[in-house]
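Have the viewer open as you read.

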Amino acid sequence: MPWTSLHLRWLVDTGERLRTTDGKIVEVWEFKPEKDNAVFSAWARHIRNHYCPDCEIDLLRADTGLSREQYLSQLIFPSISNPPGPSIRAGDFAEILVADFLEFFLHFWVPRFRYDEKAVRNESIKGVDILGFRFVGQQETPNDTLAIFEAKARLTGRSRKNKLQEALDDSAKDFNVRKALSLNALKRRLIRAGKRIDAQRVQRFQNSADHPYIEISGAAALLSTDAFDSHVLSSTDASSHPNSTALRLLVIRGRQLMPIVHELYRRAAHEA
């Protein structure tokens, strides 16, 4: 799969840090697109292959009477206009961006199976948003790390809702409830894809009592500059999170995010 980091030239650490009510640090990053066709195309290819690998598009659209662009726009990508398509598109993009953050900035292995199994394009996927794995060496050690992140998005308008708190609250559910289900689902996908070695890498994290490891929980919010409010974000409270001692909080802000996301999805279909 064409997972490269070229498109992440647009993701920049601002150096700004906020603090939650219980003293946790919140990293503030910025999504800063530039007029660079190579990066736009890298983003388009990156998004497209999450939903439908390039090598499968012609097989899947066969006898539909649809071009590649029409197939992706009409049957695969969340709708640009029909509710709840735009909000699903924003949420998907936020999850992809945070998955990239884990893989290319924090150096986790992040399997990408979440969107290509969507039965309904305008629905979100249930379960943990992002799973990342990091291994110390070839042999299992207690210092191997599992990262579980939740991502929320608000790409248009102003809002007093604290999307970081929403992501944090969902992260608590991941730790107590969803982790086992999502690990099992990922393992099944890998086995069905013929990736049994990768399935064994995931299985190493299914029983922490017999196979201890480090677990990091994360919460992230992707916000338009209009929706970014440092006072609201600083009201986030992580004190009741079950993994509060190993928590990473992230906010990514940017200008005109929804138009940019729509353009990236348009290019993803047009350049297929």
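A disulfide is counted here when two cysteine sulfur atoms lie within 2.5 Å of each other. The model is a predicted one, where local features need pLDDT of at least 70, side-chain atom pairs count only at pLDDT 80 or more, and totals for chains, interfaces and linings use all residues. Residues are numbered from 1 along each chain as its sequence is written, and side-chain values use heavy atoms, with hydrogens and water left out.

## Cysteines

By the disulfide rule, the count comes to zero. For Cys55, the closest cysteine sulfur is that of Cys52, 8.2 Å away, which is too far for a bond. How exposed are these two residues? The scale is relative accessible area: under 20% is buried, over 50% is exposed, and partly exposed is in between (1.4 Å probe, protein chains only). Cys52 is buried at 2%, whereas Cys55 is exposed at 65%.

## Nonpolar cores

In soluble globular proteins, nonpolar side chains tend to be buried together. A nonpolar core, as used here, is a set of buried Ala, Val, Leu, Ile, Met, Phe, Trp, Tyr and Cys residues joined through side-chain atoms within 4.5 Å. The largest one in this model has 48 residues, and Phe31, Trp43, Phe93, Leu97 and Leu102 have the most contacts inside it. Elements giving two or more residues to this core include strand 2 (25-31), helix 1 (37-51), helix 4 (85-105), strand 4 (145-154) and helix 8 (257-270). Helix 4 gives the most, with nine residues. Helices (H or I, at least four residues) and strands (E, at least two) are DSSP runs, numbered from the N terminus.

Which residues does Leu102 touch, not counting those up to four places away in sequence? With contact meaning heavy atoms within 4.5 Å, the partners of Leu102 are His107, Phe108, Val110, Ile130, Gly132, Ala147 and Phe149. A second, separate core has 16 residues, among them Val26, Leu168, Leu247 and Val251.

## Salt bridges

A salt bridge here is a side-chain nitrogen of Lys or Arg within 4 Å of a carboxyl oxygen of Asp or Glu. The structure holds 25 of these salt bridges. Three of them are set out below.

| Salt bridge | N to O distance |
|---|---|
| Glu16 and Arg253 | 3.1 Å |
| Arg61 and Asp58 | 2.9 Å |
| Arg112 and Glu103 | 2.8 Å |

Glu16 forms its salt bridge with Arg253. Because Glu16 lies in strand 1 (residues 11-19) and Arg253 in strand 6, the pair ties together parts that are 237 residues apart in sequence. Glu16 is partly exposed at 28% relative accessible area, while Arg253 is buried at 17%.

Arg61 and Asp58 are both in helix 2 (residues 57-61), three residues apart, which puts about one helical turn between them. Arg61 is partly exposed at 24%, and Asp58 is partly exposed at 35%. Elsewhere, salt bridges link Glu263, Arg266, Arg267 and Glu271 into a network.

## Aromatic rings

Rings of Phe, Tyr and Trp (its six-membered ring) pair if their centres lie within 6.5 Å; planes under 30 degrees apart count as stacked, over 60 as edge-to-face and the rest as tilted. A search of the whole structure finds 16 such pairs.

Tyr51 belongs to helix 1 and Phe77 to the loop between helix 3 and helix 4, 26 residues apart. Tyr51 and Phe77 are both buried. Ring pairs also join Trp10, Phe31, Phe40, Trp43 and Phe93 into a cluster.

## Charges over rings

A charge sits over a ring if NZ of Lys or CZ of Arg is within 6 Å of the ring centre and within 35 degrees of the ring normal. The charged end of Lys179 sits over the ring of Phe175, 5.2 Å from its centre. Arg253 places its charged end over the ring of Phe228, 4.7 Å from the ring centre.
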